[in-house]
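Work through the following exercises with the sequence and the model at hand. Each task is followed by a solution in steps.

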2 protein chains.
Amino acid sequence: MNKLKDDILHLSQDCGNCPIRHRAVCARCDSDELERLDQIKYYRSFEAGQTVIWSGDRMEFVGSVVSGIASLTQTMEDGRTQMVGLLLPSDFVGRPGRESAAYDVVATTDLVMCCFRKKPFEQLMVDTPHVAQRLLEMTLDELDAAREWMLVLGRKTAREKIASLLSIIARRDASLKLQGMQGQLVFDLPLTREAMADYLGLTLETVSRQVSALKRDGVIQLEGKRHITIPDFARLLEEAGDDGDGGIMV
Amino acid sequence: MNKLKDDILHLSQDCGNCPIRHRAVCARCDSDELERLDQIKYYRSFEAGQTVIWSGDRMEFVGSVVSGIASLTQTMEDGRTQMVGLLLPSDFVGRPGRESAAYDVVATTDLVMCCFRKKPFEQLMVDTPHVAQRLLEMTLDELDAAREWMLVLGRKTAREKIASLLSIIARRDASLKLQGMQGQLVFDLPLTREAMADYLGLTLETVSRQVSALKRDGVIQLEGKRHITIPDFARLLEEAGDDGDGGIMV
DNA sequence: CGTAAGGTTGAAGTCTATCAACATTGGTGG
DNA sequence: CCACCAATGTTGATAGACTTCAACCTTACG
C-alpha cells in the first residue's frame, strides 16, 4: 500500500457502466454528448485524509465524486474550521467560470473522482444545454441542503444536531442501497468525531458525549466507534427536531 | 395608507428602464427573449411585514426582487426560526420545477417584485439558454453566500456574527450606491433586532447587547436604532474575524 | 394621551467549550 | 510476536458564553 495513489488512473472506463451515470452532471447527456465528455475526462483517486484542492489554488479541473466521500471546509485564521459541504457519489466539485478554489476539498474516505479539464468543460457548458440544465438542478438541490444545514447550525441543540446528521447519513445510505426507511437501518459512519464536529459547529468532545447519550437512551446502537444501527428511524427524527418528513430529501 | 397594497400593479413597466435589468435573471436576455418575458410578467408590491409566500403553499409564480428586501425563513414546530436567505434587489425567488414553496418568504421592508407565471417561465428555461445560464450563475453565487453564512453560524462568536452581518450589509449597500469601501460608510439597517437574531442564530437580546458593545468600542456609530456609521471598515472586518478580503463578494 | 411594537439592560441559569486525563485501536519495527 | 506509538475516541471537572426571564425605556401613531 506504499504506492502513491494520488495519481491519474490510466484505466479507461466506459461511461455506460459508470455507477453514477444516472445521477451525476452527465445524467441527461445523450451518446454524442457523452462522447465529448469522454474525451476530456480522466480519473483520479485519493486516500482518506488527502487534500484534493487547497482553497485559493488554481482549479485545473472540475468533476464528479465517483466513490467515497469528500468534504468542503472553510478555515479561519485562528484555525476554527467549518465544513460547508459533504460530497457523496455523483456530487459535483468545482465551479465553472471560477479561477481558484473557494474551499479546501479533502478526501474524507478513500475517493475516486471523474475529472473534466476545466476549459473544455466550460465550452461544453455553453454548447450542450443538457449539462448546464443538470448542473442547475444539482446546484439548486445543494442550495436546499445548505439551507437545511443552516437551520441545524443556527437553532438546534447539540443533541438535535447529532440526530440530524445521523438521519441525513442514514437516509443517503438507504437511498444508495435502494432500500426504504422502514425496519432497522444499519450503516457505518463515514466521518470521524472531529469531522462530525466540523460539520455541526461543535467540539469533538461534545459530539462524543451526545453520541454516547443517544446510545444510552436507545435512540441508536453502536458497535465499535463507527458501526451504527437505528432501530426506529421515526424516533431519530423526533430527536432531530424534524416533524414527520421535514428532512432533507437527497 | 389604508389602501391594500398586496395587489397586482397595473402599471406596465418597460424592461429597458428596469433598475435590475443588468443583474437579475433576465440580465443576458436579448430583445426577443425580453419580449417573451414581458408577456408573462406582472408586478406585485408588499408592505413591510407581509408574507409573500407560506412554506408549503403552491407556487404560482417565480420572480425577481425589484426593490426592497425579502427574507427566506424556516421554522421548527416549537417556533424556533432561522433565516436562510436575505433577498435583495435583483435576487431571484422560487425554484423552477418545484410545486410548493420550501420556505416562508416575508417582506422585510416594503417590497416590489417582478413575477413570472411559473409554467410559461419553466418553458422559457428550456427554450432560451440565456435565462437558464444566468439562473445557474446566480444560484452558484447564492450557494457561496450560504456557505459563508454557515461559517458564521457554526463557528463565530456573537460579537463576530454581528460584525459579519454589518459588513455584509455595508458592502451590499455600497455596491448599490456604486461607491467604494474607503472612507466612512453610512447606511440604515434594513432589519429589526429580531430579524438580525433570526439571521445569526442568536436571541434578540444578545443582538442588542453586542450592537451596544460595538458602539461602545467605537467600531460603529449609532444614531437612533437603525442609522449606522462605520468609521473604519477594515476594523469592522477584523471584528468579524475576516482577514483582509475574505468576505462575501456580492 | 395611551397603547403597541421595537429596543435596552440586568440577574440568573443552562448549555457547550475548554482543559485534562485516560482508553482503545491499528500499525510499525525491533 | 510483542511492545510501542500515534491517531482516535471517551469521560470528568471547570469555566464561559449565550439564553432566559423580567423590568423598563423609546418611539410612532390613532
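A residue counts as buried when its relative accessible area is under 20%, as exposed when the value is over 50%, and as partly exposed in between, with a 1.4 Å probe and protein chains only. The model is predicted, so local features need pLDDT of at least 70 and side-chain atom pairs count only at pLDDT 80 or more, whereas totals for chains, interfaces and linings use all residues. Side-chain values use heavy atoms, with hydrogens and water left out, while residues are numbered from 1 along each chain as its sequence is written, and chains are lettered from A and ligands numbered from 1 in the order in which they are written.

**Exercise 1.** Determine how the rings of Trp149(A) and Tyr199(A) are arranged.

Solution. Rings of Phe, Tyr and Trp (its six-membered ring) pair if their centres lie within 6.5 Å, and their planes count as stacked under 30 degrees, as edge-to-face over 60 and as tilted for the rest. By this rule there are 6 aromatic pairs over all chains. In the pair of Trp149(A) and Tyr199(A), the centres are 3.8 Å apart and the planes lie at 15 degrees, so the pair is stacked. Trp149(A) belongs to helix α3 of chain A and Tyr199(A) to helix α5 (residues 193–200), so that the pair links parts of the chain 50 residues apart; helices are DSSP runs (H or I, at least four residues) and strands likewise (E, at least two), numbered from the N terminus. Trp149(A) is buried because its relative accessible area is 8%, and Tyr199(A) is buried because its value is 5%.

**Exercise 2.** Describe how α3(A) and α3(B) cross.

Solution. Axes are lines fitted to C-alpha atoms, for helices over the stretch in contact, and angles run from 0 to 180 degrees between N-to-C directions. The axes of the two α3 helices (residues 129–155 in chain A and in chain B) come within 9 Å and cross at roughly 20 degrees. This makes α3(A) roughly parallel to α3(B), given that angles under 35 degrees count as roughly parallel, over 145 as roughly antiparallel, 65 to 115 as roughly perpendicular and the rest as oblique.
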